[in-house]
Amino acid sequence: MNRQDAKGVVLTGYYMNSDSLQPHLGVNCVEEADPSVPSRRTGNYNVQNRSKNAAGKPPYNRCNSQDSLDMDVFWKEVESIGEADTGPQEEVQLKVADEGEHEEAWLTEAGLATLFQESDPDDSDDSKAMLSTLTRTQAAAVEKRVELLKQTMRKRNKQYHVPDVREIFKPPPGSTADSEETQQLGEDSQATERSENGKRDVASSDKAMGNGACPPADQSTLNSETDLNLEVSFAEQALSYRERSKGVESQSQSESEADDKLPNFKVPPDKTGRTKVGDLAPQDMKMVRRLALIEMTALFDMAKIDWKSNKVVKLKEKESGLFGVPLATLLEQDQRRVTGTKVPLILQRLISHIEGEGLDTEGLLRIPGVAIRVKALVQELEAKFYEGTFPWETLKQHDAASILKFFIRELPHPLLTVEYLSAFISVLKLPTNKQQLQALNLLVLLLPETSRDTLKALMEFFQRVIDHKEQNKMTLNNVAVVMAPNIFMFKGFRNKITEQQEFSMATGTASIVRLLIQYQNLLWTIPRFIINQVREQNTEKQKQKKASKEKGMKRLLKKMTHDRDKPDKQERNTSESDSSQGFIRVQAPEFSKVSMAVQLTEDLQASDILVRFVSQESPVSVKREDLCLYEIGGNIKERCLDEEAYMKALLELNPSAEWVIRPTQR
């Protein structure tokens, strides 16, 4: 049901998959409601009454997590939210996706719409390039969605063509691959051959995983330093884990661990450098998101998790203001004031104010501000923030923290997005901490840039609060428990779920927020295997374009084509001649010496090159930390290099690249 606020603005409605709200989603415990305890939805919720029933036992199954997660704090926060959000709440419309609708949307988002509808030739080439780089588990995920869509189209008697899955990954003539084996890619852990159509060779993937492989379920250790392998597909690792763990009962530890018992994951050194979110050009990042969707789905398939995205209905929304405005709209108006803004200015200012007052305040984020005063402050901010007349010096710290949480809750679209909210909740159904972390990594990559950057700013702020836990008593678990209902229970959400479902989701959502905070440096990293697939796709598309161009030219101008190829070959030799002689040429348009030949050595890193240029005089004032050495062209559009990247290893990976130093906005 659509509602209108006082200004006549139609609020956003959501079509959500009702399956995503089932009690088992995310956690494996079910609360038995105590009818003698007043419902927290009446506004008379009593924490003391809920904490114990007549028998002196908790009224719900705490999943053995209460030693580390104080869920009373969670419900106090829910009660505080109820008191603060006294205005009318719009209804969330729940609707299960029509049969086949999810598969169509999934294939479209994965860049594979050409598999069920006619598309431009360029889109078809992109699809072919992507399909040629998929791993066996990724290919199995695609095949499954195509087959489901094909079955649906048969029932509907649709006319347009959905290819048989055997056609999509059909081996070339002369291949010995068996078609039946191809259909069972996701089930046969011994299928290690990569056919000439481009499926990645995953032979000896267990060996490649090394310390990064998931341990057997009964041998996982806590508080230990564990390598997180980013070079092998996560779904491939999960497939190997599943085969090794047959017959062994697996139990995830993520909900029962205290702060100091979470695994200490680390990423082994990569000579080509780590790639963070924001390091790639938009064209490459588009491919990353598509691959992340396929990989996440494949990972869920390995654990037999049936995940479906929710659907958002685009309705009229607020077009200005601070609170209740879509992130994209808010950032557009902020960027007109401050160029390059990636996180809403109001959120930045609130965080700055809270930190300016000191992070040692006990109960920071947990103790709410006075509800009436907070409501008045929100209205005053709406009127005075952009004018610069809001009296920040009078804003109390707890009130500022309450306004920050109110800002998150008031977003018309959840920060984790309607589309992927159920996937975030489903993460805890994966059998190991490592797989949960891998799934969260992929989900972060799937978020829109506005949500991803804002979420990162919040996670960094929460970590700074936790760094003062000895003074403010806000541990990782405490912050996670307080913030979970603000992040997950968006406007109108609680009206559409039962209390039993809400209890079941409580511990799970707090655990997810805890993982987001604890492992944020890893979660905002693009896995090496996905970067490699992007490089392969770029190379494949270049080959396709070249072949198409040459084919057309040969028909009409065979001799001209022959003549044209000669200078191309010479030009290629010229561009690579520097590296063949043991040095690379680095361009630096911001500096007085705009080009420099740098001798290649085994130990030469990107940071060494930056130091050489920074030592020069520059006509433009540029800070060292604002500079980046970019890898441009060849098999990547553009990549800001990790300063620890070794140049010789990079050159071997991308011999046609150019190297340019210029300022970057982090």
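A residue is described as buried when its relative accessible area is under 20%, as exposed when that area is over 50%, and as partly exposed in between, with a 1.4 Å probe and with protein chains only. The structure examined here is a predicted model, in which local features need pLDDT of at least 70, side-chain atom pairs count only at pLDDT 80 or more, and totals for chains, interfaces and linings use all residues. Residues are numbered from 1 along each chain as its sequence is written, and side-chain values use heavy atoms, with hydrogens and water left out.

The chain contains 25 helices and 11 strands; helices (H or I, at least four residues) and strands (E, at least two) are DSSP runs, numbered from the N terminus. Of its 666 residues, 52% count as buried. Among contacts (heavy atoms within 4.5 Å) in the chain with a separation of 6 or more, 78% involve residues 24 or more positions apart.

Five strands form an open sheet with mixed pairing, in the order β8-β7-β11-β9-β10. Two strands are taken to pair if DSSP finds at least two bridges between them. Strands β8 (595-599) and β10 (636-640) stand at the edges and have a single partner strand each, so one side of each is left without a neighbour in the sheet. On average, neighbouring strands of this sheet are turned by 25 degrees against each other, direction ignored. For such angles, axes are lines fitted to C-alpha atoms, for helices over the stretch in contact, and angles run from 0 to 180 degrees between N-to-C directions.

Strand β9 (residues 627-633) pairs with β11 (residues 658-663) in the antiparallel sense over six bridges. Within this pair, leucine 627 stands opposite proline 663 of β11, and the bridge partner of isoleucine 632 in β11 is glutamate 658. Helix α24 (residues 606-614) packs on the sheet and touches β7 (583-587), β8, β9 and β11, its direction making about 120 degrees with that of β9. Strand β9 also pairs with β10, in the antiparallel sense and over four bridges. Isoleucine 632 has glutamate 638 as its bridge partner in β10. The two strands β9 and β10 form a hairpin with two residues between them, and glycine 634 in the turn has a positive phi of about 75 degrees. Five of the seven residues of β9 are buried, and the strand is thus mostly covered.

Elsewhere in the chain, leucine 350 is placed in helix α12 (residues 345-356). Leucine 350 counts as buried because its relative accessibility is 0%. When residues up to four places away in sequence are not counted, leucine 350 touches Trp392, Leu395, Ala400, Ile403 and Leu404. One of these, leucine 395, is 45 residues from leucine 350 in sequence and 9.9 Å from it in space, C-alpha to C-alpha.

Two lysines have a positive phi. Lysine 304, a residue other than glycine, has a phi near 60 degrees and lies in the loop between α10 (282-302) and β5 (311-313). With a relative accessible area of 65%, lysine 304 is exposed. Lysine 473 has a positive phi of about 65 degrees although it is not a glycine, and is found in the loop between α18 (469-472) and α19. With a relative accessible area of 45%, lysine 473 is partly exposed.

A search of the whole structure finds two cavities of 30 Å³ or more. On a 1 Å grid over the protein atoms alone, a cavity is a set of points where a 1.4 Å probe fits but cannot get out, and lining residues have an atom within 4 Å of a point. Grid points are joined across faces, edges and corners, and a volume is the space filled by probe spheres set on the points. The second largest cavity has a volume of about 30 Å³ and is lined by Ile408, Arg409, Pro414, Leu415, Asn486, Ile487 and Phe490. Helices α14 (397-410) and α19 (476-488) are the elements that give two or more residues to this lining.

How values were computed: On a 1 Å grid over the protein atoms alone, a cavity is a set of points where a 1.4 Å probe fits but cannot get out, and a pocket is an open set with protein on both sides within 12 Å along at least five of seven lines; lining residues have an atom within 4 Å of a point.
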